Amino acid sequence: MTDNETGRLSDILRVLPISPGIALGPVLLLKSASEPGGYARRIEKEQVAHERQRLQAAIDAAEGEIDELRRQVARNVGSAEAEIFSAQQLMLRDPELLDEVEALMTNQLVSAEAAWSETIAKQSAEMASLPDPTLAARAADVRDIGARVLSHLQAQGAVMEENPDQGPSLIVTYDLTPSQTARLDPADILGICTVEGGPTTHAAIIARALEIPAVAGLDAQMLAELRTGQELAIDGERGLIYLKLDDAQRAALSAAMDEQLRSKRMRDTARWRTRPGETADGRSVLIYANVGDSEGARAAAEAGAQGIGLLRTEFLFGQRATFPTEQDEFAGYLDLFQSFARQARFQKIIVARTLDAGADKPFPALEPLIGNWHEANPALGLRGARIHLLHEELLRQQLRALLRAASEAQIELHIMFPMIATLAETRRMKLVLAEVRQALSDEGVSPTPEVRVGVMIETPAAVWLADALAREVDFFSIGANDLFQYTLAADRTNSRVMGLFGPLEPSLWRSINHVIQVARAHGRPVAVCGEIAADVHYGPLLAGLGIAELSVSPPALTRIKEALHQHEMAYWQAKASKLLHAETAAEMEEMLKHV
Amino acid sequence: MPVVENTVVITNKIGLHARPATLFVQSAARFHSRIQVRCGEKYANAKSIVGILKLGASQGATLVIHAEGEDASEAVQALVALVENKFDEE
């Protein structure tokens with residue numbers, strides 16, 4: 001073996017694998033929590049009562065912290081991991097332990113610090129000596145509460161003092177307690193390397209749950225030689241510490257870390273796919289998908305859509321020169337419904353918007369019926385419901401095809417009408433739907449369980465008719481993109497007025513709020529589809545304002561579920577109602593940043 | 001003052017560790033009686049998590065639960081039921 005090889009081998013230490021993964025980066029040395037501090041040991045007899053009070057106050061403070069940690073861990077890691085802290089809370093109130101501390105203080109006249117530390121040291125040592133390794137590992141919990149109470153007694157601040165601005169780091173320390181581990185932000189921590197610790201400790205369990213690579217068993221002498229900022233790498237799978245790295249090793253470990261990050265992101269996405277939309281405190285907000293074809297329906301189901309909140313039925317015929325027959329439509333819808341139903345992880349609810357042609361969605365096949373699309377002001381022209389009413393036979397045909405396909409595919413179909421500006425239009429279309437349902441039932445087509453009827457809220461007219469519309473239909477869906485352009489009286493396809501379109505305007509936010517308030521008074525749910533629903537900042541705020549369902553494009557589904565889960569409903573509510581006071585878009589952006 | 005004693009065998013897989021121990025102590029703490037648990041040669045105060053953990057009671061171990069106090073009978077009954085029901089986890 002050459003000198004070079006010997007050198008390289010001694011630069012790699014074999015230690016205990018704790019939590020799998022590679023970490024490579026600058027060292028951050030932390031002072032250990034269990035380091036003894038300087039405190040008086042002897043006390044006078046008349047000081048005992050005071051010491052007892054101090055201890056009680058420290059225990060109360062520690063209990064409050066642990067309770068907070070327990071809730072944090074339950075939220076961010078999992079309820080099983082949070083159990084650790086229930087056990088620690090019991091330890092703080094353990095009668096045997098407290099009796100021992102009390103006896104030391106009163107009989108031997110020692111300070112609260114000394115009595116507490118000595119009792120903790122004795123109890124943790126006894127527990128560490130138990131033959132069962134999982135039980136022996138609980139000694140770390142005893143030491144953890146010990147350090148926590150002691151730090152309150154000594155009125156010391158946080159244990160982590162040294163924190164230079166060097167970005168994500170590899171924590172190197174003598175010992176990490178479960179509460180320290182739980183307080184680590186995985187975004188700042190590349191890995192953990194300790195002297196003490198074993199694979200069954202709570203700290204190890206939390207490191208694994210947070211997917212932070214970790215090793216233990218670093219030589220105490222080596223710890224003394226390491227400095228904050230120096231480069232270090234660990235392999236938590238094989239239990240290796242790389243004290244020095246050559247270029248090839250550095251490249252290999254970096255690549256492994258990148259791969260690790262990629263696969264973690266993929267797993268995170270997978271995790272949100274199987275979960276319903278909810279806030280951190282478990283309040284449900286339905287996350288549906290906007291879909292325009294069978295491929296989109298399949299992707300939506302795969303990505304964990306809880307339903308299709310906006311089926312753009314234009315897809316079938318958009319490019320065709322001639323209008324499809326009812327059978328064409330039926331076949332197209334059936335294929336799409338089945339594509340969704342086959343892979344749906346949640347309910348098989350599909351909200352179909354009837355043909356929304358016109359304006360920015362021209363439709364060649366309609367030209368023979370309604371003339372060409374060249375209007376001076378297409379956004380204000382013949383589109384949506386207005387075409388339905390001009391050619392009711394097209395609406396009848398579409399409704400028949402949709403209802404038959406829903407019955408065949410056994411999905412729950414809801415219908416909504418686009419571009420509503422008057423109550424009369426709504427009533428007329430409801431009537432057509434009722435007639436179509438009756439005819440189908442006469443023909444023996446078994447109806448779907450319940451067809452709810454809704455309207456799109458896209459015009460200021462619909463906003464201010466919300467009460468009348470709420471009495472007429474079962475639900476609202478706010479088409480935020482169109483409502484935005486009609487509220488601002490600015491054509492969103494006209495590049496000369498694009499400057500008016502930021503993510504949000506106070507006028508739009510207040511319109512949405514008005515619709516929600518009125519709908520709530522009538523017991524009607526409100527959905528939002530449109531870009532704002534998929535915005536990770538504004539989507540959750542819509543939920544806070546009272547929106548029951550956000551409908552977004554399939555790639556945004558997991559992202560919006562994750563964003564929503566960041567905070568409790570009360571937080572989103574407070575922030576959403578604060579935005580109602582904003583008078584400019586800039587103020588809204590500002591409020592979004594600081595609340 | 002009523003004195004009640006009963007015996008129960010631990011049947012859950014992980015024994016009186018971690019979560020089961022927490023549940024056991026939380027349950028014991030609801031009663032006023034003094035409650036003692038014996039496992040082989042070792043004794044513990046049922047309201048002491050440290051004591052209960054140090055019993056090291058694994059699957060198959062026999063616990064003798066002894067309570068003294070007004071609610072001794074309810075206490076023993078509740079703790080025996082908790083152990084018999086495998087701490088509701090299996």
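Okay, ground rules. This is a predicted model, where local features need pLDDT of at least 70, side-chain atom pairs count only at pLDDT 80 or more, and totals for chains, interfaces and linings use all residues. Residues are numbered from 1 along each chain as its sequence is written, and chains are lettered from A and ligands numbered from 1 in the order in which they are written.

Let's start where the chains meet. On the B side, 16 residues are in contact with 18 residues of chain A; contact means C-beta atoms, placed from the backbone, within 7 Å. Two helices of chain B, α1 (18-28) and α2 (49-55), each supply at least two residues of that side. Helices here are DSSP runs of H or I with at least four residues, strands are runs of E with at least two, and both are numbered from the N terminus. By class, the B side splits into five nonpolar, eight polar and three charged residues. Nonpolar is Ala, Val, Leu, Ile, Met, Phe, Trp, Tyr, Cys and Pro, charged is Asp, Glu, Lys and Arg, and the others, Gly among them, are polar.

So what does α1(B) pack on? Helix α3 (residues 79-92) of chain A packs with α1(B) at an angle of about 45°, axes 9 Å apart. Axes are lines fitted to C-alpha atoms, for helices over the stretch in contact, and angles run from 0 to 180 degrees between N-to-C directions. That makes the pair oblique, since under 35 degrees is roughly parallel, over 145 roughly antiparallel, 65 to 115 roughly perpendicular, and the rest oblique. The contact residues include A:Glu83 and A:Leu90 from α3(A), and B:Arg19 and B:Val25 from α1(B).

Now a pair inside chain A.

Last stop, strand β12 (residues 412-417) of chain A. How many of its six residues are buried? Five of them are, buried being 20 or more other C-beta atoms within 10 Å of a residue's own, with C-beta atoms placed from the backbone. On one pairing, β11 (residues 349-353) of chain A runs parallel to β12(A) over five bridges, with A:Val351 partnered by A:His414. Pairing, by the way, takes at least two DSSP bridges. β13 (residues 453-457) of chain A is also parallel to β12(A), over three bridges, and A:Phe417 stands opposite A:Val455 there.

Key: Contact = placed C-beta atoms within 7 Å. Buried ≥ 20, exposed ≤ 12 C-beta atoms within 10 Å, placed from the backbone.
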